[in-house]
Amino acid sequence: MHFLSTYQRIISRLLLVSSLVVTGAMADEVVISPIEANTTSNNVPTVGPSRPTNIVIMIGDGMGPAYTTAYRYYKDNPETEEIEQTVFDRLLVGMASTYPASVSGYVTDSAASATALSTGVKSYNGAIAVDTEKRPLTTLMERAKALGLSTGVAVTSQVNHATPAAFLAHNESRSNYIDIAQAYLTTDADVILGGGQQYFTPTLLEQFTAKGYQHISELSQLDSVHHPKVLGLFADVQLPWGINDKKAHKLSHMTQKALDLLSQNKHGFVLLVEGSLIDWAGHSNDIATAMGEMDEFAAAIEVVEQFVRQSKDTLMVVTADHNTGGLSVGAHDKYEWHPEVLHKVQASPDVIATRAIAAEDWQTITATLLGFTPSEVEYTQLQTARMQGNEPFAIALRKLIDIQSNTGWTSGGHTAMDVQVFAAGPGARLFSGHQDNVDIANKMFSLLPQSVQTP
Ligand SMILES: [Zn+2]
């Protein structure tokens, strides 16, 4: 089962403790009216219920601690002496280990980690909510549905990518995209927002419509959605990089809509929000694009933070599934990191490459979009890469940005580093200190209602 009875006892004791102390990392920012405030013998105020009505789990895919550190300096205002706090600094409560089932060693992939976070059980790399024997595991979303709550996902990858898939479906392999999309029909999820249009055939879309889903394909159509259920597929595969459209904040837009729609259920909801593409940028060792994706995710976290602050009965838990790329903030024996270089980069290196390859005067376009002028030697290296095509040219551009900003990487894959846990709202204290990724899921399971919520 999901948790042992001893675990439940520990949780109920912790819940008791958390009801005696200020709940949530941001509780001191919550204004407590004299009527709401209880006071213990220690004069510690308590805020709101100890069990949340709603749970929002937010996953920064690949967002190891170096990403949130880099993001702090990336967002720093150089005009002021102090280094400003980010939303991550504000909400930090603990750490989590991420290792998969022993059959897959110590370094997890997104599927095994999402399975751990959605079911509380470790499995093999590639598993979508199935155990090491490939048997389906009950997910947080399934339990929430069975209890009468609403459920939803809002992600920047295709909606049937590993992380959302492990919350909504069961499959022996994350690669079975078509099967996973098909399986979403039976999840009864109320809100499904992200990319992945190409995996949803017209026939499948008809089946969704027959089940009462409103299918939309433009982000602007979100405004016309007033009730669940909705299936919004805004790109063929993943959504465009945030760096190429800095003002759009697509993930925030989707997250806000998901909150609006799901909160129509007075019994509560469970929502998964994923900053999916932080990981993709990390795999490409692309620091400028990674910071753009961090910006997308941070803005979405702020939307949820605001909701938590207003609703007072919503728990938000933010974490990463693993660390990607072995990002290093400073490299090559130099005590320097230069985020100002990244602010000048006008487009993702893959877009710069496409545009520069198509242009006659590729050097000017490259320098303009990079925000700095490469040296003679660097131009020669870029020219060689340009002759080899788009991807080699994009790689050369990323390397140049790494040199200018003094950014380091140790891998094109994942690393086994622990990740951070951020939380606010009722029950947030449960997530403090060190834990394992399955503990995060088990704590969330324990916070769901204990019996079916009837209308
Ligand atoms: Zn990855």
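**The sheet and its surroundings**

Analyst: Ala154 stands opposite Leu193 in strand β6. Strands (E, at least two residues) and helices (H or I, at least four residues) are DSSP runs, numbered from the N terminus. Residue numbers start from 1 along each chain as its sequence is written. The model is predicted: local features need pLDDT of at least 70, side-chain atom pairs count only at pLDDT 80 or more, and totals for chains, interfaces and linings use all residues.

Strand β5 (residues 150-158) and strand β6 (residues 191-195) pair in the parallel sense over 4 bridges; two strands are said to pair if DSSP finds at least two bridges between them. β6 is also joined to β8 by 4 bridges, and these two strands run parallel. Gly194 stands opposite Leu233 in β8. β6 is mostly covered, with 5 of its 5 residues buried. A residue is buried if 20 or more other C-beta atoms lie within 10 Å of its own, exposed if 12 or fewer, and partly exposed in between, with C-beta atoms placed from the backbone.

An open sheet is formed by 10 strands in the order β7-β8-β6-β5-β9-β3-β10-β15-β4-β16, with mixed pairing. β7 (214-216) and β16 (433-436) stand at the edges with a single partner strand each, so one side of each has no neighbour in the sheet. On average, neighbouring strands of this sheet are turned by 15° against each other, direction ignored.

Strand β3 shows how side chains are placed in such a sheet. In a regular strand, side chains alternate between the two faces of the sheet. From β3, Asn54, Val56, Met58 and Gly60 point one way, while Ile55, Ile57 and Ile59 point the other way, and all are buried. Parallel pairing joins β3 to β10 over 7 bridges, and Ile57 stands opposite Val317 in β10. β3 is joined to β9 by 6 bridges, again running parallel, and Val56 stands opposite Leu271 in β9.

Helices lie across the strands. Helix α9 (residues 250-262) lies across β5, β6, β8 (230-233) and β9 (269-275), and runs at about 170° to β5. Helix α11 lies across β3 (54-60), β5, β9, β10 (314-320) and β15 (419-424), running at about 160° to β10. For these angles, axes are lines fitted to C-alpha atoms, for helices over the stretch in contact, and the angles run from 0 to 180 degrees between N-to-C directions.

The next topic is the nonpolar core. In soluble globular proteins, nonpolar side chains tend to be buried together. A nonpolar core is a set of buried Ala, Val, Leu, Ile, Met, Phe, Trp, Tyr and Cys residues joined through C-beta atoms within 7 Å. The largest one here has 126 residues, and those with the most contacts inside it are Ile128, Val153, Val304, Met316, Val317 and Ala423. Helix α11 (residues 287-311) contributes the most to this core, with 13 residues. Domain 1 (6-37 + 47-324 + 418-447) and domain 2 (339-408) both give residues to the core, so it lies between them; the domain bounds come from an automatic or database domain assignment.

Leaving aside its neighbours within four places in sequence, Val153 is in contact with Val159, Pro164, Phe167, Leu168, Ala189, Ile192, Leu193 and Leu272. Two residues are in contact if their C-beta atoms, placed from the backbone, lie within 7 Å.

Most residues other than glycine have a negative phi, and most peptide bonds are trans. Asn285, in the loop between α10 (277-283) and α11, has a positive phi near 50° without being a glycine. With 23 C-beta neighbours inside 10 Å, Asn285 counts as buried. A cis peptide bond joins Pro228 and Lys229, with omega about 10°, and Lys229 lies in the loop between β7 and β8.

Finally, some figures describe the whole chain. The chain has 17 helices and 16 strands, and buried residues make up 52% of its 455 residues. Among contacts between residues at least 6 apart in sequence, 73% join residues at least 24 apart.
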